[in-house]
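Keep the structure open beside the text and follow along.

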Amino acid sequence: MNFLAHFLLSDNEDDLRLGNLLGDVVKGRVERYDHPGATPRLRTGIRLHRTIDSFSDSHAVVRRSKQRIAARYGRLSGVIVDVYYDHVLAREWATHGQGTLPAFAEDVYGTLDRHLARLPADVHPLVRAMTRGDWLAGYADIANIERALRGLARRARVAAGIGTAAEELARDYDALSEDVAEFFPELRAHCTRFLADATTDG
């Protein structure tokens, strides 16, 4: 899953949002993450990010989504599906989200801005770019998805082949929408159980 899904599954908690953002940045054992401003709940957010990724990667519906484009994109299919799913969530926010998408996005940007000092300095450019470009609400626009995928293709040689993947999304949108409708409630329930256990464990 990509940024929008991770923030949506953060239960509207600032520290869970911060930890979820850091999930791809912090490596190794989470309890050793000791950046100033780290809290037990922020570390839970990092674990939540990893839980979301592991549940998604092993889910049959997500594998089905990847298989729809695997013939053309191979191992890059997972990266593309992550972005595709955020596009579907954004387009169908009334079903999967909370309130309006622009209001949710502004609330997340406010969280990141208020707590920027609690994030590592190398994450600050990402936060500024996300906020300035309104990435979260922008996922609803296929043109922004196309730009995001072309940006990935430019930045990473291994991803060079995904620049035209938005065409696949437009063609297979209905099928991918059905995949998200089946998968996302299961992911949300999994995250709810994870957070309940995390609260119980202190």
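Let's begin with charge: Arg64, Arg68, Asp179 and Glu182 are linked in a network of salt bridges. A salt bridge here is a side-chain nitrogen of Lys or Arg within 4 Å of a carboxyl oxygen of Asp or Glu. The structure holds 11 salt bridges.

A word on the source: this is a predicted model, in which local features need pLDDT of at least 70 and side-chain atom pairs count only at pLDDT 80 or more, while totals for chains, interfaces and linings use all residues. Residues are numbered from 1 along each chain as its sequence is written, and side-chain values use heavy atoms, with hydrogens and water left out.

**Charged pairs**

| Pair | N to O distance |
|---|---|
| Arg114 and Asp14 | 3.2 Å |
| Arg29 and Glu31 | 2.7 Å |
| Glu146 and Arg150 | 2.6 Å |

Arg114 lies in helix α7 (residues 101-114) and Asp14 in helix α2, so this pair ties together parts that are 100 residues apart in sequence. Helices are DSSP runs of H or I with at least four residues, numbered from the N terminus. Arg114 is exposed at 52% relative accessibility, whereas Asp14 is partly exposed at 23%. For these words, buried means under 20% relative accessible area, exposed means over 50%, and partly exposed is in between (1.4 Å probe, protein chains only).

Glu146 and Arg150 both sit in helix α10 (residues 142-155), 4 residues apart, or about one turn of the helix. Both ends of this pair are partly exposed: Glu146 has 28% relative accessibility and Arg150 has 41%. Glu31, the partner of Arg29, is partly exposed too, at 40%.

**Helix α7**

Back to the helix that carries Arg114. With 14 residues, α7 reaches 20 Å from its first C-alpha to its last, close to the 20 Å expected at 1.5 Å a residue; the expected span is 1.5 Å times one less than the number of residues. Thr100 caps the N-terminal end of α7, with a side-chain oxygen 3.2 Å from the backbone nitrogen of Ala103. Among the buried residues of α7 are Leu101, Phe104, Val108 and Leu112. The buried residues of this helix pack against α1, α2, α5 (77-91), α6 (93-96), α8 (124-132) and α9 (135-138).

**Inside the fold**

The largest nonpolar core has 60 residues, and those with the most contacts inside it include Met1, Tyr85 and Phe184. Helix α11 (residues 166-200) gives the most to this core, with 10 residues. Such a core is a set of buried Ala, Val, Leu, Ile, Met, Phe, Trp, Tyr and Cys residues joined through side-chain atoms within 4.5 Å. Beyond four places in sequence, Phe184 touches Met1, Ala5, Leu8, Leu9, Leu89 and His96, where contact means heavy atoms within 4.5 Å.

What does the side chain of His6 make a polar contact with? The partner is the side chain of Asn20, at 2.9 Å. A polar contact is a pair of N or O atoms within 3.5 Å; within protein, one must be able to donate a hydrogen and the other to accept it, and residues adjacent in sequence count only if both atoms are side-chain atoms. His6 lies in helix α1 (residues 3-8) and is buried at 4% relative accessibility.

Finally, Leu22 is in the loop between α2 (14-21) and α3 (40-57), yet Leu22 is buried, with a relative accessible area of 0%.

Note on methods:
Helix = DSSP H or I, 4+ residues; strand = E, 2+ residues; numbered from the N terminus.
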